[in-house]
Structure formats: structure tokens, C-alpha cells
Amino acid sequence: AGCNEKAEEIDDSSGSLGVFVESLFCGWIKARQAADSDAGETARMLLGWMDSDDYGFCYRLEREAVKVLTKKGLSAFASQVQARFDAADRTEPQREGRDSNHRHRYWGGVLKTIYAAQRDVDAYVSLCEATELLPVDCEILAEILQSRSKPDQALAWVERGLELEHTPGVRGKSYKLAEMKRTLLTRLGHGSEALASAWSEFEQYPCRPAYDQLMKYVPKGERAAWHDKAIDASAQADLRAIIELWLATQETERLVERLRTASHQELESL
């Protein structure tokens, strides 16, 4: 209540107030659970705040709430969010510039967050079938299955997510899928495929992070040869990326020579 009262007096461009309010919500949840308060009432009050959020304090609040809710609390929260999801009218006319299925999509996203916290693969998959499957959904499902020692199933979801990223009209991307695929391939005994994938990514974007990923999959006895191969391949890449990479790998002589031959435009861009 105090934060709402002072919200218009504070410049929260740093987001510090929002983080503080978020911590208050989580502390409130933990306190009610410690007091053995009714889980359904906790969920109702929490959703009430999310509905009446004039200052954006509750934006994505479910992502933090699920981290502190108990199993019983998550179940109550899921039940009430499910009711809102079911009640959302998919044919609602446009209001305030939003698309007709905004609320249906919004509550579906909250449900996904809850199911992920519950590690409920079946419920998560069913929800995706009823709404839409995004690359990040495949990432979450793969992480759950990987934690359950089911690398084959996890890899199948990773590959499906990567396919979705190249499908026209599909929203969003996951920046973890490619690395997850390499990790799973290695775990399943396909190290050469993981190395080939890392090399392909390095060739496309030769930089320090891609180099570090590549060397993770290079056999110890072959690191010197792969290092030379990577540095040679990066020679014609963007100068800014090369500086970071070559300094980190102590390729100072190559870097000095490249700087000598760099164009005036390249040097000005640094």
C-alpha cells in the first residue's frame, strides 16, 4: 500500500522499486504459508493484486511467486488461474488496442509458468496443444526431462524447438536450444555431432563466446589444432569480435598485424 502511494513520486527507471515490491509479495506469500493460511485465499488475493496493478508492480509476478509457493499453494494458484483461462472469451472484440485473444494468451502464459514450476510435463504439453507451442516451451520441457534423466526425450523437444525457430509465423526464440542440443548429444555418446554443431556456429559467428563453446567439445589431444583452425577461420570476421577473441587467446601478433591492415572505417567503428 505504501509503495502504491509513493509510486508517482519516485523515479523508478532503474527498476529498484519494482524489485523491492516483488520481494514484498514473495515475503507475504511465505508468511501466509508459515501461518498455515488458506492457500485458496492466498491465490485469490494475489490474483486480485495482479488484476488491479496500476503501476506494473505485478508484471510477471507469477515467475517469482511460483518459486516460493508450496506444493499446496501452487495447486490452488493453478486452479484459479485455470478458471480464468477457461473463462477468457477467445472471440472477445478488440479492446484498448489488444488482439481478441489477449486474455486467453495471458492466462495461458501464467499457467505455463505454474506447470513448469510443478514439473508437470503432461499438463504443460496439453496446454501447448490448446494454445500454441513456442521454442521456449520446448526449452522448458527439455530441461524438465533432462532433470529426470530422460535425455532422448529431452533431445526430441530441443530439435522440435529448433525447427520451430525456423518456421514462419512462430513467435519468439530460445537462445539455449543449440547449446542444449550439443550437451544432450554428448551425453548420448554423439560427441562428434556436438563438435560439428559448435564448429558450424563458430563459422557463422566467430567470436569469444562461440570459441569457448567450440573448445568445450574438442578432445583434449586436438585442442591445439582446433585452436589454429578457429583463429584462421576468424581472420576475416568483424574486427571488434576478433579483438576480444584474439586477446583472450593470446594471439597478439596476429592482432597487431590485422590492426595494421585494417581500413580507416574499421578502426573508427571500434
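Author: What follows is an account of Trp199 and the rings around Trp199. This is a predicted model, in which local features need pLDDT of at least 70 and side-chain atom pairs count only at pLDDT 80 or more, while totals for chains, interfaces and linings use all residues. Residues are numbered from 1 along each chain as its sequence is written, and side-chain values use heavy atoms, with hydrogens and water left out.

The structure holds seven aromatic pairs (rings of Phe, Tyr and Trp, the last by its six-membered ring, with centres within 6.5 Å; planes under 30 degrees apart are stacked, over 60 edge-to-face, the rest tilted). One of them is stacked, because the ring centres of Trp199 and Phe202 are 5.8 Å apart and the planes meet at 20°. Both residues belong to helix H11 (residues 191-204), three residues apart, about one turn of the helix; helices are DSSP runs of H or I with at least four residues, numbered from the N terminus.

Trp199 has 12% relative accessibility and therefore counts as buried (under 20% relative accessible area; exposed is over 50%, partly exposed in between, with a 1.4 Å probe and protein chains only). Phe202 is buried too, at 0%.

Trp199 also pairs with Trp226: the centres are 5.5 Å apart and the planes at 75°, so this pair is edge-to-face. It links distant parts of the chain, 27 residues apart, since Trp226 lies in helix H13 (residues 223-234) and Trp199 in helix H11. Trp226 is buried, as is Trp199.

Ring pairs join Trp199, Phe202, Trp226 and Tyr211 into a cluster. Finally, Lys229 sits over the face of Trp199, 4.6 Å from the ring centre (the criterion is NZ of Lys or CZ of Arg within 6 Å of the ring centre and within 35 degrees of the ring normal).

Notes:
Helix = DSSP H or I, 4+ residues; strand = E, 2+ residues; numbered from the N terminus.
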